Amino acid sequence: ETFDEYDIHYFYSMCGTNDKVALSSAKAAVTGLADKTDKLTDGENFTWQTLPGGHDFNIWYLGFYNFARLVFQ
(Lines give C-alpha, C1' and ligand atoms only; values in the text may rest on other atoms or scores of the structure.)
Protein backbone atom coordinates (compact mmCIF):
# COMPACT_ATOMS: atom_id res chain seq x y z
CA GLU A 1 0.00 0.00 0.00
CA THR A 2 1.28 3.47 -0.87
CA PHE A 3 -1.10 5.60 1.24
CA ASP A 4 -2.17 7.54 -1.86
CA GLU A 5 -5.61 8.24 -0.42
CA TYR A 6 -4.19 9.84 2.75
CA ASP A 7 -2.91 13.38 3.13
CA ILE A 8 0.14 12.88 5.36
CA HIS A 9 1.90 16.06 6.50
CA TYR A 10 4.09 14.75 9.31
CA PHE A 11 4.71 11.54 11.23
CA TYR A 12 6.32 11.71 14.66
CA SER A 13 6.78 8.91 17.17
CA MET A 14 9.14 8.29 20.05
CA CYS A 15 9.73 5.62 22.65
CA GLY A 16 12.01 4.97 25.59
CA THR A 17 14.84 2.54 24.96
CA ASN A 18 14.00 0.71 28.21
CA ASP A 19 10.28 0.52 27.44
CA LYS A 20 9.30 -3.11 27.86
CA VAL A 21 5.64 -2.34 26.99
CA ALA A 22 5.73 -0.52 23.65
CA LEU A 23 9.26 -0.35 22.19
CA SER A 24 9.21 -3.55 20.16
CA SER A 25 5.78 -2.95 18.62
CA ALA A 26 6.37 0.76 18.01
CA LYS A 27 9.73 0.07 16.40
CA ALA A 28 8.25 -2.66 14.22
CA ALA A 29 5.44 -0.34 13.13
CA VAL A 30 7.70 2.51 12.00
CA THR A 31 10.72 0.64 10.63
CA GLY A 32 10.69 1.12 6.87
CA LEU A 33 7.49 3.20 6.92
CA ALA A 34 9.06 6.14 5.08
CA ASP A 35 10.20 3.74 2.35
CA LYS A 36 6.60 2.71 1.65
CA THR A 37 5.42 6.11 0.45
CA ASP A 38 6.81 9.21 -1.22
CA LYS A 39 4.80 11.34 1.24
CA LEU A 40 7.27 10.71 4.07
CA THR A 41 10.97 11.58 4.06
CA ASP A 42 13.12 10.63 7.01
CA GLY A 43 14.47 13.74 8.69
CA GLU A 44 12.05 16.07 6.90
CA ASN A 45 8.51 15.06 7.78
CA PHE A 46 9.15 11.68 9.37
CA THR A 47 10.69 11.30 12.81
CA TRP A 48 11.14 8.11 14.84
CA GLN A 49 13.02 8.84 18.01
CA THR A 50 14.25 6.67 20.88
CA LEU A 51 15.54 8.14 24.10
CA PRO A 52 16.84 6.62 27.33
CA GLY A 53 13.86 5.86 29.55
CA GLY A 54 10.97 3.54 30.07
CA HIS A 55 7.22 3.56 29.61
CA ASP A 56 6.73 6.56 31.87
CA PHE A 57 5.73 10.20 32.10
CA ASN A 58 9.26 11.51 31.51
CA ILE A 59 9.21 10.06 27.99
CA TRP A 60 5.54 10.90 27.40
CA TYR A 61 6.01 14.54 28.40
CA LEU A 62 9.04 14.90 26.17
CA GLY A 63 7.18 13.25 23.31
CA PHE A 64 4.24 15.61 23.76
CA TYR A 65 6.55 18.60 23.97
CA ASN A 66 8.34 17.63 20.75
CA PHE A 67 5.04 16.91 19.00
CA ALA A 68 3.54 20.25 20.11
CA ARG A 69 6.59 22.11 18.82
CA LEU A 70 6.09 20.48 15.41
CA VAL A 71 2.36 21.09 15.26
CA PHE A 72 2.31 24.65 16.58
CA GLN A 73 5.24 26.13 14.66
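**View 1. The side chains of D19 and H55 are joined by a polar contact of 2.7 Å.** A polar contact is a pair of N or O atoms within 3.5 Å; within protein, one atom must be able to donate a hydrogen and the other to accept it, and residues adjacent in sequence count only if both atoms are side-chain atoms. The model is predicted: local features need pLDDT of at least 70, side-chain atom pairs count only at pLDDT 80 or more, and totals for chains, interfaces and linings use all residues. Residues are numbered from 1 along each chain as its sequence is written, and side-chain values use heavy atoms, with hydrogens and water left out. D19 sits in the loop between β1 (11-16) and α1 (23-30). Helices (H or I, at least four residues) and strands (E, at least two) are DSSP runs, numbered from the N terminus. Apart from neighbours within four places in sequence, D19 is in contact (heavy atoms within 4.5 Å) with G53, G54 and H55. D19 is buried but has no salt bridge, and K20, the nearest side chain of opposite charge, is 8.3 Å away. Buried means under 20% relative accessible area, exposed over 50%, and partly exposed in between (1.4 Å probe, protein chains only). A salt bridge is a side-chain nitrogen of Lys or Arg within 4 Å of a carboxyl oxygen of Asp or Glu. Lys and Arg count as positive and Asp and Glu as negative, while His and the chain ends are not counted.

**View 2. Y12, in strand β1, has polar contacts with Q49 and N66.** The side chains of Y12 and Q49 are joined at 2.8 Å, those of Y12 and N66 at 3.1 Å. Y12 is buried, with a relative accessible area of 16%. Neighbours within four places in sequence aside, the contacts of Y12 are T47, Q49, G63, N66, F67 and L70. D35 is 23 residues from Y12 along the chain, and their C-alpha atoms are separated by 15 Å.

**View 3. The rings of F11 and F46 are stacked.** Rings of Phe, Tyr and Trp (its six-membered ring) pair if their centres lie within 6.5 Å; planes under 30 degrees apart count as stacked, over 60 as edge-to-face and the rest as tilted. The count of aromatic pairs comes to three. The centres of the F11 and F46 rings are 5.3 Å apart and their planes lie at 15 degrees, so this pair is stacked. The pair links distant parts of the chain, 35 residues apart: F11 belongs to strand β1 and F46 to strand β2 (residues 46-51). F11 is partly exposed, with a relative accessible area of 25%, whereas F46 is buried at 5%. Elsewhere, F57, W60 and Y61 form one aromatic cluster.

**View 4. Helix α2 (residues 57-71) has 15 residues.** From its first C-alpha to its last, α2 reaches 20 Å, close to the 21 Å expected at 1.5 Å a residue; the expected span is 1.5 Å times one less than the number of residues. At the start of α2, a side-chain oxygen of D56 comes within 3.1 Å of the backbone nitrogen of N58. I59, G63, N66 and A68 of α2 are buried, and the cover over the buried residues of this helix includes β1 and β2.

**View 5. The protein chain follows the pattern β-α-β-α along the sequence.** The chain has two helices and two strands. Its C-alpha trace spans about 35 × 30 × 20 Å along the principal axes. Of its 73 residues, 32% count as buried. Among contacts between residues at least 6 apart in sequence, 73% join residues at least 24 apart.
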